[in-house]
Amino acid sequence: MSLENYRINSLDEYRESQQYAIKNPEEFWKDIANTFEWKTPFDNVLNYNWNDVPSTEWFKGGKLNITENCLDRHVKENPDKLALIWEPNEPGDKSVNYSYKELLEAVCKFANGLKNQGISKGDRVCIYLPMVPELTIAVLACARIGAIHTVVFAGFSSAALAARIQDSGSKCLITADGAFRGDKTVPLKDIADDALKSCDTIKKCIVLQRTFESISWSNRIDVWWHDFVDGLSTNCTPEIMDSEDVLFILYTSGSTGKPKGMVHTCGGYMVYTAYSFMNVFQTAPEDIFWCTADIGWITGHSYMVYGPLACGATTLHFEGVPSYPKWDRFWEICEKHKVNQFYTAPTAIRALAKHPTTHVTNHDLSSLKTLGSVGEPINEEAWKWYHTHVGKNKLPIVDTWWQTETGGILISNLSGVTPHKPTYATLPLPGIQAALVNDKGVPQMEKQAEGILTVNYPWPSIARTIWQDHDRYQEVYFSAFPGRYFPGDGALRDEDGNYRITGRVDDVVIVSGHNLGTAPIENIINEHPEVVESAVVGYPHDLKGNALIAYIILYQNTENTENLIKEIRQLISDTIGPIAKPDRIVVVSGLPKTRSGKIMRRILRKLASYEFDQLGDVSTLLNPEIVEEIKTTLIN
Ligand code: WTA
């Protein structure tokens, strides 16, 4: 049987699969997993324990290499099929195509280079590259030889890069001289050099030539990508991996200062990303699938690289930004490449909707069959704009809810198969046992309900741990409601069982689709010598979904607050990256606190969104008078 046999074609088939998967989860996933190529079949479908120290193992004993499933398998059947279309930043520059055969050869070549460098199974390789084909090639080359890749988004600062290299203990860094982003260039190599000052595990830095700008160079550690692969063989025997061997680490923010290295393993991740890709997006063999994310995020890993390639699909990658050279770039690319599925984030949709619709209508978008959304709740206005102007009132929109931790989409309608509903992610995929609980962990059994979202049963692509911190993994995801996975999101459910995600219930704020822990930002602000204390919270923002506001207390009134605020913004930008800069920084003389000294963030959020009538009873605060003072500051 092939994976195609598990494609869901109707609402009834969806219901059947869902019921079957709930009753016979192991049978369900065993059959799907068996459509892939295993060197040795697995003995056990699932071993898990979510009650004590959480552990989840899928397809244990099964041996495989994910790149054989993503590349070699398709090369045997259809070597010339397009695997990857790459659209560069500059619209005049030619796009680049890779057939499955060409991609496999490029991957093998680079994999051989890594091997020559002494990189082997289990070693960590950090990848800090712009959205160029070499990023995908580097990722797959690591997987080919069993090295663990950890991709760091090229918008992160040197300190953020260094923290990830140190935590993962990476041996090798892959970067570029620079990156093009719209009309700007980003000096990636300079940033990497700065990071490497505090990373002694890195033995080699492989540098791709992209912007051709001059960079500093160390003969000891640096090597050009083109020299690195020169003359190497285009064959590379894949490393045989256990299903539960680590495939990659991807860092995400949490509510403490330290990023969480989410660990994904080979077998389960492959099975689930492919299954969910096929069913959510409903791609046909000749379709062109375009996800506008960056491979630095989980969306890029799962639905730009592994999911589509495991299904033998054609995936389009774009180096640039939606606004360059004009706000019609996305639609120009859709028309040029006859894109069939277009998957983006609400923050992009809201930004696009601010510009004249002629940017959309000037392009022939008749190839589009499916639109997708990911990363944060999509508000009704943005949904309608997307549906009306891009979808011409007829295309299905898949609103896909998932996380770095879940590896793949858990809740979404299936394009054209199960109905969409504006602002609802709708139904859990087959095999996903979603539930709502109240804050005491009591399941909300009525169909129509509101509460905290949990998942009650393992699915193959759940992150297995936090790199070198299993205690934190247990604490963050399994301690709130023992026996259930706790994603940190709130949700409501309608009478048909559709889920609507309402947002985070912890101290993570989703800004422009990026999740940012507020604690790390506070820690950075507090490092400024003039700052006594700070509190960072999110508040609703038209374009970004949420924006950040920082309330800061200073040691003494300085003359030049403007300058100080500039310095703080710079500090955040240098330490985490520009995405974490608060929209507003306000100086206050105190923060609303409970009698036990806890900052009342709820009040700070309400204040930031000017919902002064919804502050609730502030009289129980330690310092109720501060609320009035902050109000006055915000109004002025
Ligand atoms: C939010 C991105 C509402 C949610 C794949 C989740 C969403 C966090 C949706 C994970 C959606 C993602 N509707 N909220 N369709 N998709 N989120 O790890 O709060 O970058 O917990 O993974 O984004 O973000 P992450």
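**The ligand site**

In this predicted model, a nitrogen atom of the ligand lies 2.8 Å from a polar backbone atom of Thr-400. The side chain of Asp-399 also takes part: one of its N or O atoms is 2.7 Å from a nitrogen atom of the ligand. An oxygen atom of the ligand, in turn, is 2.8 Å from a polar side-chain atom of Arg-504. How much of the ligand's accessible area does the protein cover? On its own the ligand has 530 Å² of accessible area, and the protein covers 96% of that.

Let me now turn to the surrounding shell. There are 17 residues around the ligand, and those that come nearest are Asp-399, Thr-400, Thr-404, Asp-489 and Arg-504. At least two shell residues come from each of the helix α10 (298-310) and the strands β20 (397-400) and β25 (499-504).

My second topic is the helix pair. Helix α12, residues 346-353, and helix α14, residues 380-390, have axes that come within 9 Å and cross at roughly 70°. With angles of 65 to 115 degrees counted as roughly perpendicular, α12 and α14 are therefore roughly perpendicular to each other. Which residues meet there? From α12 they are Ile-349, Arg-350, Leu-352 and Ala-353, and from α14 they are Ala-382, Trp-385 and Tyr-386. The residues of this contact divide into six nonpolar and one charged, with no polar residue.

Thank you for your attention.

Terms used. Residues are numbered from 1 along each chain as its sequence is written. This is a predicted model: local features need pLDDT of at least 70, side-chain atom pairs count only at pLDDT 80 or more; totals for chains, interfaces and linings use all residues. Side-chain values use heavy atoms; hydrogens and water are left out. Axes are lines fitted to C-alpha atoms, for helices over the stretch in contact, and angles run from 0 to 180 degrees between N-to-C directions. Helices (H or I, at least four residues) and strands (E, at least two) are DSSP runs, numbered from the N terminus. Angles under 35 degrees count as roughly parallel, over 145 as roughly antiparallel, 65 to 115 as roughly perpendicular and the rest as oblique. Contact means heavy atoms within 4.5 Å. Ala, Val, Leu, Ile, Met, Phe, Trp, Tyr, Cys and Pro count as nonpolar, Asp, Glu, Lys and Arg as charged, and the others, Gly among them, as polar. A residue is near a molecule or strand if one of its heavy atoms lies within 4 Å of it. A polar contact is a pair of N or O atoms within 3.5 Å; within protein, one must be able to donate a hydrogen and the other to accept it, and residues adjacent in sequence count only if both atoms are side-chain atoms. Accessible areas come from the Shrake-Rupley method with a 1.4 Å probe; for residues, only the protein chains shown count as cover.
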